[in-house]
Structures are given as C-alpha cells and as structure tokens.
Amino acid sequence: MPQATYHFPKGFLWGTATSAHQVEGNNTNNNWHKWEQEGHTNGKSGLACDWWGGRWREDFDRAAETGQNAHRLSVEWSRIQPAPDRWDEDALEKYRAMLRGLKDRGLTAMVTLHHFTDPLWLAEVHGWETEEVVPLFEKFVRKTVEALKEYCSLWCTLNEPTGYAVNGYVDGGSGAFPPGQNNLRLALRVQANLIRGHAAAYRAIHQIQPEARVGFAHHYRSFAPQRAWSPLDRWVQRNFFTAVNLGFPFALASGIMKTPIGSIRIPEAKGTQDYFGFNYYTREVVAFDLRKVNTLFGRNFFRKEADMSDNSFLANEPEGMYEGMKWVVRTFPNLPILVSENGVECADDHIRPRYIAQHIHQMWRAVNFNWPVKGYFHWSLTDNFEWDLGWTHRFGLWSLDPETQKRVKRPSADLFAEICRENGLSSAMVEKYCPEVFGELFPS
Ligand code: BGC
C-alpha cells in the first residue's frame, strides 16, 4: 500500500466554526427565538451548548487540545444591541473574554458579525427588506469592532447571505427560516440590502482597523444538470448557479448584482472583499420542471447512488469542493480562499471520517495548483442547534446531549486532530479512520 502525506502550506489555519444562536443558549431577543416559540422548528435551542453560561471554556480547551489553531465564531447582534437605543457593555465584555480565551489557547479568531439571526426590534419593523437596515447594521458593526479589535482582525460580515434570503423568502429553498415568506422579488431586494450592508460594514471595519481582513461566508452550491444533453436542464443549472453562487460575490467584485431576471447596480459594493469565505457541503442535481414556477422551473435533488448523511440532508460529493475552488480562482483571481465551513450530519460518525478525508484531499489538490487556500474550518466543534431541524442533525466532532450538556468525542475528532497536528493528511490516517476510501485517496 502506498505511504504518503498530503501536506499543506506553513501557517495553514485549521479549526472549527460555530455560530452564536446555535451554541450560546438562552438567546431570547432575536427573530429565531420567536420562530422557535411559534413552533416552526423541530425543538428549541434552549441552553444550546451553554456557551453563554461559560461552557465555551471547556469547548475551546477541546479545540486547543486537539491541535486546532483557529476558530470561527459569531456574535449575536441582539445581545450587543438589545434595543435600537441601547448597548449592552456586559455582553461585549463577555465576547472579549471569549476572544481572549481563544488567544490564550493559541487559536486565531475569525468573527462573524451576522449569522442568520436578527434582533427582534429589527425583524419587527422591516428586517433586511428595506435599505433602512444598512446604517443600522453599520452602527452595530462599528460598536462591535471597536470593542473586539484587540483580539480579532479577521472578520466575516455575513454568513451565507444568499441562504438567508432564499430560506426566508423563497419557497424553493427549505422555506423554513423566518419570516417564512414566498416572494422571489422580495428575496432579491433582501439580497441587495445584504450586499449594501456588507459594503458599509467593509468600509467601517477598515476605517477602524486598517489591517483588517474582511469578507463574508459564501455558501457555494454545486449543481449538475440531470441530463447533460438537455438544454432545459442546462438552462436550469445556469439559473441556479447565477442566483445562488454568482449574485452576491460578483456584486462585491463588480458593483452589479446579477440575477436570473436582471441586474441591480450597487456601485458601493465594488472591491469590498479581502478574502473569499467558502462554505461547501454538497452537490445537487437539477432538472427542468414545469411545476416549479417559483424557482424558475428548476427542481433540485441528490444523486440516487450518492453517499448520504444520516437524515439524507447532504450527499457526500467531495469533487464539488474542488470544482468550486476552481470557479473561485478563475472568477475572483487574487483573492485568498478560506474554507469557512464544511461538514456533515452524522450521529454515529460512520460517514464523517471519510467525508473529512475526502474533502481535505480535494482541498489539497487545489493547494497543489498554488490556488491560495489559507485555512479550513470544520462545521462544527460540538453538535449544536441546527435551525429549523433542531437537534436531529448532528454536525459535531463531539456529540452533545443538550439536556445534560455532556459531550462525547467522536472518532472524527481524533482524525481531525491528527490532520491539524501534521498539517496534512496521511495514508496512515486514512487507513486507520476510513480505510474504505484508501484506494481512492492513495491509489497505488
Ligand atoms: C450554516 C450553519 C449550519 C450548517 C449546517 C451552514 O449553511 O452556516 O449555520 O448549521 O450549514 O447545515
């Protein structure tokens, strides 16, 4: 059997990613809390991973003890600004303590300023549906960055803004995010305002901290036409790709938001990205379907023979990661890439080791072409509150029982630890944790 190690460049960031509402617990002043109380979710976030109660300490210990050198977390707008005219200095102090906690453990911090949740006071007026949100978001960003800049210079303005717009405003997505609307035009308006908000935040952060690196986390979704020969399936593929992948990042490069039904000029967005935050999970097949009016006649599903996650939420399709990176380097040359999320839901961990190894292998292929991939954040450190799906979808390197708060290490945590320590993926690791993909990753 061949013995080899796929190494990564010196200084590569290895860590996990989390988000405030999914881990903090007792987060009661935002639109998701309300959404949960209204019964739209499969269970409630409750205590989550109890980070607000202080358990971030033990979880950061876990990250550090397993060789990770970075962590991506988010701050909760509704905690920092509980009302439009009120700042909570204690909340900011708590976030400072967390970031100090990362620093003390030798972990580089990446801070996301908006990860899906909005303060109730914002959601109750107009959310991101009107441009009035832009100065409000900028004000929150200024206050937060001023308070946290001592510990962080790697900022992510928004997590998956297109997903926020699609899941909250288009039926064709899961339709399961607040405010539960079904209106494509409104979704596009929301996305345009998110772009304006990002641009305002980008400038504000650079004013406060000139050395900052600012980007957003883009959910890259890979789409394959069901019948490659079919012009209709290919047309759907192009529409999905434009709507989901191109709209947001292209606007930051050009000042123009492209949509399948026209373009919107947002000139202030041009040149507001210092790195490309790349979230990648899966690949979907798409086909033309006359019944799908709301999604411009497109239907999406997974390959029949795909390697599926526990609840068939994701298909393990590692090549899509390489394909996405290729698209990033060609479309946005010179932007460093950070894999800001990648992971799979699996309670008994049978799929996760191979999912990790196969995706890291694809990332290594990209690095070999000198594509500027600088880090990888696995989703997630421990199981956490998976939005509308609640607690059924387990993404953690550690399992978590939200009732008892007990964490149990999954084998994947050990595999990831070996990768972080080695700064590479070796044949011995694959043989030990996921021998079923040995031949694929290390062909003789
Ligand atoms: C989101 C996370 C979520 C993960 C797994 C990403 O799209 O940023 O908040 O938990 O996917 O579904």
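1. Ile337 stands opposite Val373 in β12, where helices (H or I, at least four residues) and strands (E, at least two) are DSSP runs, numbered from the N terminus. The model is a predicted one, in which local features need pLDDT of at least 70 and side-chain atom pairs count only at pLDDT 80 or more, while totals for chains, interfaces and linings use all residues. Residues are numbered from 1 along each chain as its sequence is written, and side-chain values use heavy atoms, with hydrogens and water left out.

2. β11 and β12 pair in the parallel sense over three bridges, given that two strands pair if DSSP finds at least two bridges between them. β9 is also parallel to β11, and four bridges join these strands; in this pairing, Gly277 has Leu338 of β11 as its bridge partner.

3. How many residues of strand β11 are buried? Strand β11 (residues 337-341) has five of its five residues buried, buried being under 20% relative accessible area, exposed over 50% and partly exposed in between (1.4 Å probe, protein chains only).

4. Together with helix α12 (residues 352-368), strands β11 and β12 make a right-handed β-α-β unit. A crossover is right-handed if, with the strands pointing away from the viewer, the path from the first strand over the helix to the second runs clockwise.

5. Rings of Phe, Tyr and Trp (its six-membered ring) pair if their centres lie within 6.5 Å, and planes under 30 degrees apart count as stacked, over 60 as edge-to-face and the rest as tilted. By this rule the count comes to 41 aromatic pairs. In one of them, the ring centres of Trp77 and Phe137 are 5.6 Å apart and the planes stand at 55 degrees, so the pair is tilted. This pair links distant parts of the chain, with Trp77 in helix α4 (residues 77-80) and Phe137 in helix α7 (residues 133-148), 60 residues apart, and both Trp77 and Phe137 are buried.

6. Tyr281 and Phe395 form an edge-to-face aromatic pair, at 6.1 Å centre to centre and with 85 degrees between the planes. Tyr281 lies in strand β9 (residues 276-288) and Phe395 in the loop between β12 (373-378) and β13 (398-401), 114 residues apart; both Tyr281 and Phe395 are buried.

7. One aromatic cluster is formed by Tyr220, Phe241, Phe276, Phe278, Tyr280, Trp327 and Phe332.

8. The charged end of Arg79 sits over the ring of Trp52, 3.9 Å from its centre, and Arg365 lies over the face of Tyr322, 3.7 Å from the ring centre. The criterion is NZ of Lys or CZ of Arg within 6 Å of the ring centre and within 35 degrees of the ring normal.
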